[in-house]
Every structure is written in C-alpha cells, then in structure tokens.
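The sequence and structure come first.

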Amino acid sequence: MKPCFIAHRGYSGKYLQNTEEAFIKAVEHGSGGIETDVRITKDGILVVNHDDTVKYADGTELAVSDYTFEELSQKPLRNKFTDTEIYICTFRRYLEICRDGNMVCFIEFKGHFPDEKIHEAFTLAAEVYDLKMCSLQSFDLDNLIRAHEAFPDLQIMLTCGEPDEDVYKCLELGFDIDMAHSGIYKSLVDRFHEKGLKVGLWTANQPHELELCRLMCVDYIESDIYSDFITE
C-alpha cells in the first residue's frame, strides 16, 4: 500500500505555513493533499492559522479570536521564506486551492468549535469542493463526535501525540487517527486497519522518519518538506 503524502500546513518547509502561497506550491509540487489549521475570528469568519495569534511583518501580533477578519487582514504577515507580501488566508480560499488541485483536505479545528461553526465549515466544504475529499481532525474528541453526528459521511480523525484513552475510543467509535510518528507502533496500526479504519502520521521530514512511516504501512504521511525520496 502506497501512502498518500499530505503537505503539512501547505509546503511549509519552503513557504510560510497556512498561506495561499504554501497551499499553491504544495499543489504544484505534487502532494496528495494539504493539511491546515482552522480558527474563528471575532466576527465569525473561518481563517487558517496554527497559533492563536497572527504574526505580522511589523513585529506585532493579534489574537485571532479578539479581532475581526477585516482587522486581521490590514497588514502583511511575517514571512521569512520569500519576498511575497502575504495576508491571512480564509478557509474558503484553502478549499478553492484544494479543489483546483484535486487535493485531499486535512482540516484541523483548533480549540472548541460550536455546533453552528462545524455546520458552517462543512456546508461550505460541500459547496466549494467535495466532502468526500475532506477529513476533519482535532485533538478535541468532542468536536469530532458532534461533527460526526452532523455529517455522518465525513471522514473523522483524532489528532494525537501518542496512544491514550481517546485513541482507543476511536476504535469503538469508528474514527480514524492522525498520530505523531514518534508515538505509533505497528500493532496499533494493524488494529485500526482490521476495523477498516485509517491511520495518518505527522510530521515526518527526515529520510529515516519517512522510512519508519512507510514500514508502518500507514495510509497518510504528513510532511513539511518534499524531496525526491517522498515523490518516488
């Protein structure tokens, strides 16, 4: 089984993570999918940003949840990778890029998401792209349970660092997992596969890490950096 390679926060090894540029470059480079992190602005707009604050070129930071999308969009982001002037990216724009590149969408909700925002996010995903190409991820199992109730056909993946109680609950609930590559072991992968569930690993950037992921026979491998080794 050949794993699907997922660009972690876009092509984030060479471009500013979770930005339009990083997503487009991931498509151009030939990844199978793109992972991103979704947050909610003060006025309810879904944006992509890993941290709870947005970091700007002028050295300032603003908390995503405390400012409107318009306020967060006033200044370019701090970009140490390229000379491109980059602004905060919306979830909609991420979906558009994934659609145009036929990418698998790994969508990680950061923090608690209320029911209405879960519904909004995946209603939008169905409108802009295709729910069959989307996978919801979260460290918060409650987010996943409520999303599954609202969208029973949506792929659900628990994000986790190592095996814990929630990981084993996923075996009962029928949820996939996306685990740190340092925490996985083959017998756990086998248990998920025996139930028809999928396993992803993050974030593998070194050749020995990638080889370990391959030997685990997982379904997805997330990476910041793409090389000839990955794209063989």
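Helices (H or I, at least four residues) and strands (E, at least two) are DSSP runs, numbered from the N terminus. By that count the secondary structure of the protein chain comes to nine helices and 12 strands. The model is predicted: local features need pLDDT of at least 70, side-chain atom pairs count only at pLDDT 80 or more, and totals for chains, interfaces and linings use all residues. Residues are numbered from 1 along each chain as its sequence is written, and side-chain values use heavy atoms, with hydrogens and water left out.

**Overall build**

The radius of gyration of the protein chain is 17 Å, which agrees with the value near 17 Å for a compact globule of 232 residues. This radius is taken over C-alpha atoms, and the globule rule is 2.2 Å times the number of residues to the power 0.38. Along the principal axes, the C-alpha atoms fill a box of roughly 50 × 40 × 30 Å. Of the 232 residues, 51% count as buried; buried means under 20% relative accessible area, exposed over 50%, and partly exposed in between (1.4 Å probe, protein chains only). Contact means heavy atoms within 4.5 Å. Among contacts between residues at least 6 apart in sequence, 52% join residues at least 24 apart.

**Helix α3**

Helix α3 spans residues 91-101, and its buried residues are F91, Y94, L95, I97, C98 and G101. Seen down the axis of α3, these fall within an arc of 160 degrees, so they line one face of the helix. The arc is that of the directions from the helix axis to the C-beta atoms. The cover over the buried residues includes α1 (20-29), β2 (33-40) and α4 (115-128).

I24 is placed in helix α1 and is partly exposed, at 30% relative accessibility. Not counting residues up to four places away in sequence, I24 touches R93 and I97.

**Backbone features**

Most residues other than glycine have a negative phi, and most peptide bonds are trans.

| Residue | Phi | Place |

N102 is exposed, with a relative accessible area of 55%, whereas C217 counts as partly exposed at 36%. A cis peptide bond joins W202 and T203, with omega about -25 degrees. T203 lies in the loop between β11 (199-202) and α8 (207-215).
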